[in-house]
Amino acid sequence: MRLTVLGCSGSMPGPGSPASGYLVEADGVRLVLDLGNGALGPLQDVVGVAGLAELDAVVLTHLHPDHCMDLCGLYVALRYGMPSRRRIPVYGPAATADRMAAAYGKEPDPGLSGEFDFREHPVDGFRVGPLSVRVAPVVHPVAAYAVRIEHDGRSLVYSGDTAATPALVELARDTDLFLCEAAYADGDDNPPGIHLTGREAGEHAAAAGARRLVVTHVPPWGDPQRAAEHASAVYDGPVELAVPGGHWEV
């Protein structure tokens, strides 16, 4: 599998990065993990404008704008620029179809269903071509999920947005690459139940036995390097920072 960072800024687009968006590719299949504010532009850089219609699936971890709002732009491209092709499956929380219709200013029926096939995250996982996908509910103010993708004996896990939770450790067990948020700064008086710190990202990676940690979702007012250093203090494996355009072979 190949993981490409479209955007990794936490909570909002930053001066140097769109909000959350990641592309996973394997054997000609392209799956988008989250599509936050600004991530649609870099996606076109990778797949081309015409390639938007050939995406195999979009998987949304939750429905905060920094993780899903560019789905509206993708709808515009599919509806007006590339008509008469199949609907793209969109996996997400139960309210995804209605929420995205409201974001675009449409009634729930038909909403955006002419271009997207909205599907609630299956409890037993699902497949996108050769990719096996499983999700686990995590801790956030809205319904939110972490995602595990497996292919040909390899795996990557994406935390989405979450506070500390054993569910994330279990989903990330022995993963080859752990893409984990670290939105909060260690040492600050952080509100509970929303995000991880760099140290907590490292603790989750260590507890899961992850082979590699990529720290992401640091907001524009945060310090990514500090988050990575705090993760390294409690996790012995390699720690890297997500950057726009960065990619990893898994």
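Modeller: Buried means under 20% relative accessible area, exposed over 50% and partly exposed in between, with a 1.4 Å probe and protein chains only. This is a predicted model, in which local features need pLDDT of at least 70, side-chain atom pairs count only at pLDDT 80 or more, and totals for chains, interfaces and linings use all residues. Residues are numbered from 1 along each chain as its sequence is written, and side-chain values use heavy atoms, without hydrogens and water.

Colleague: Are Phe116 and Phe118 buried or exposed?

Modeller: The rings of Phe116 and Phe118 have their centres 5.8 Å apart. Both residues fall in one class: Phe116 and Phe118 are buried.

Colleague: Which kind of pair do the rings of Tyr75 and Tyr104 form?

Modeller: Rings of Phe, Tyr and Trp (its six-membered ring) pair if their centres lie within 6.5 Å; planes under 30 degrees apart count as stacked, over 60 as edge-to-face and the rest as tilted. A search of the whole structure finds four aromatic pairs. For Tyr75 and Tyr104 the centres are 4.9 Å apart and the planes stand at 70°, so the pair is edge-to-face.

Colleague: Over the face of which residue does Arg79 lie?

Modeller: A charge sits over a ring if NZ of Lys or CZ of Arg is within 6 Å of the ring centre and within 35 degrees of the ring normal. Arg79 lies at 5.0 Å from the ring centre, over the face of Tyr80.
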